[in-house]
Amino acid sequence: QVQVVESGGGLVQAGGSLRLSCAASGSIFSINHMAWYRGVPGGQRELVALITGGGTTNYADSVKGRFTISVDNAKNTAYLQMNSLKPEDTAVYYCKADIKRDPHYSYQYWGQGTQVTVSS
């Protein structure tokens with residue numbers, strides 16, 4: 001089994017910063033990519049940032065220049081550094097890990113989400 005656990009959410013004033021962490025643990029052969037999404041519980045989620053195992057990154061236009069995704073491959077942990085936060089960044093942030101549990105098959109695992117609230 002694989003577990004994905006997010007941490008680091010909270011309440012911050014506009015212009016402030018937060019750092020989210022996403023740790024994957026369990027039976028992991030390799031990680032194809034890890035990504036952060038945001039949305040409301042039960043609703044649609046939008047991709048915020050993604051990083052591949054090789055370090056290639058992709059960002060939503062709305063966060064380019066403000067958010068940075070990184071990964072510590074030794075710890076199977078991804079981070080999302082969020083700077084210059086705006087009230088419209090308020091959402092539940094979810095981590096998704098695309099993982100190989102053996103050389104042939106990949107699976108997607110989601111964390112439970114962490115709330116980020118930006119006050120104006």
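Me: Which residues is His33 in contact with, leaving aside its neighbours within four places in sequence?
Reply: This is a predicted model. Contact means heavy atoms within 4.5 Å. By that rule His33 touches Leu50, Ile51, Thr52 and Gly53, and also Lys96, Ala97 and Asp98. His33 itself belongs to strand β4, residues 30-39.

Me: Does His33 count as buried or exposed?
Reply: Buried means under 20% relative accessible area. His33 has 16% relative accessibility, so it counts as buried.

Me: How many salt bridges does the structure hold?
Reply: There are four salt bridges in the structure. One of them pairs Arg38 with Glu46, with 2.6 Å between the closest N and O atoms. Arg38 is buried at 7% relative accessible area, whereas Glu46 is partly exposed at 36%.

Me: What is the distance between the closest N and O atoms of Arg38 and Asp89?
Reply: For that salt bridge the distance is 3.0 Å. Arg38 is in strand β4 and Asp89 is in the loop between β8 (77-82) and β9 (91-100), so the pair ties together parts that are 51 residues apart in sequence. Asp89 is buried, at 1% relative accessibility.

Me: Is Asp61, the partner of Lys64 in a salt bridge, buried or exposed?
Reply: Asp61 is exposed at 65% relative accessibility, and Lys64 is partly exposed at 48%. Their closest N and O atoms are 3.1 Å apart.

Me: Which residues do salt bridges with shared partners join into one network?
Reply: That network consists of Arg38, Glu46, Arg66 and Asp89.

Conventions: Residues are numbered from 1 along each chain as its sequence is written. This is a predicted model: local features need pLDDT of at least 70, side-chain atom pairs count only at pLDDT 80 or more; totals for chains, interfaces and linings use all residues. Side-chain values use heavy atoms; hydrogens and water are left out. Helices (H or I, at least four residues) and strands (E, at least two) are DSSP runs, numbered from the N terminus. Buried means under 20% relative accessible area, exposed over 50%, partly exposed in between (1.4 Å probe, protein chains only). A salt bridge is a side-chain nitrogen of Lys or Arg within 4 Å of a carboxyl oxygen of Asp or Glu.
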